[in-house]
Amino acid sequence: MGIHESLLQADFENVYKTYADNLARKNQIFRFTIYFAIAPYLVVISLISTKNLSINDLLNLESLHTVMYLVAMISGVGMLLPLFHFVENDDNLMRCARAINSFRKYYNKKMSTDNDWSVNLPININYPKERAISSSGTFIFLIFYSISTLYSTVGFFGLFNLKAFSTYYYSAFILLEAIGILIYFLTGNSKEFPVNLNCETESW
């Protein structure tokens with residue numbers, strides 16, 4: 001094996017290791033995000049079990065205990081940190097996958113020429129794209145960002161004794177949703193990590 005092949009193999013192994021590491025971190029962060037999502041429900045169960053809260057109290061979100069609004073606010077805002085970290089790892093995962101496809105395309109081109117062989121794995125260097133509307137990462141982000149916005153808005157309006165589910169509430173919720181989703185999609189494809197990787201040259 002020549003020096004070029006050795007460097008290529010080492011590069012591929014490092015890219016694949018980075019892919020595996022980001023996948024593991026993505027799964028860990030996803031579980032951490034779920035903890036923030038269920039935190040208010042755990043508090044409700046605790047308060048009901050200690051008889052500090054009744055089922056009837058939950059029917060009117062405008063008259064909950066201040067602690068519940070505070071928990072909702074903290075859970076909603078706190079959920080953003082692991083959620084943004086999840087997005088970062090999901091982006092790295094997609095970029096590493098494209099880099100791996102680029103390697104596979106090179107191998108497929110070389111080996112199919114020499115041995116009439118073709119790889120039975122993805123070789124599309126334009127796939128997958130980060131933050132695609134049909135990807136699971138985007139779906140997870142939209143779901144948990146909506147939950148975060150809901151918790152934050154309910155908590156904020158409750159703490160400041162504002163009327164929940166009013167015109168101002170819905171306006172604030174829709175505005176926060178639109179801003180977050182717009183930022184998510186507009187910052188998706190970084191110029192530093194182009195989708196179209198060039199693997200057609202013989203300099204490999």
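Leu-70 is found in helix α3, which spans residues 66-78; helices here are DSSP runs of H or I with at least four residues, strands are runs of E with at least two, and both are numbered from the N terminus. The structure is a predicted model, in which local features need a pLDDT of at least 70, side-chain atom pairs count only at pLDDT 80 or more, and totals for chains, interfaces and linings use all residues. Residues are numbered from 1 along each chain as its sequence is written, and side-chain values use heavy atoms, with hydrogens and water left out.

Leu-70 counts as partly exposed, because its relative accessibility is 42%, where buried means under 20% relative accessible area, exposed means over 50%, and partly exposed lies in between, with a 1.4 Å probe and protein chains only. Between the C-alpha atoms of Leu-70 and Leu-159 the distance in space is 6.9 Å, although 89 residues separate the two in sequence.

In the chain as a whole there are 6 helices and 0 strands, and the order of elements from the N terminus on is α-α-α-α-α-α. Of the 204 residues in the chain, 34% are buried. Among contacts (heavy atoms within 4.5 Å) between residues at least 6 apart in sequence, 78% join residues at least 24 apart.

Thr-138 belongs to helix α5, formed by residues 136-159, and is buried, as its relative accessible area is 0%. The side chain of Thr-138 makes a polar contact with that of Ser-135 at 3.0 Å; such a contact is a pair of N or O atoms within 3.5 Å, and within protein one must be able to donate a hydrogen and the other to accept it, while residues adjacent in sequence count only if both atoms are side-chain atoms. When residues up to four places away in sequence are not counted, Thr-138 touches Arg-131, Ala-132, Ile-133, Tyr-184 and Phe-185.

Leu-42 lies in helix α1, residues 3-49, and is partly exposed, with a relative accessible area of 48%.

The accessible surface of the chain, calculated by the Shrake-Rupley method with a 1.4 Å probe, and for residues with only the protein chains shown as cover, comes to about 12800 Å², of which 64% belongs to carbon and sulfur atoms.
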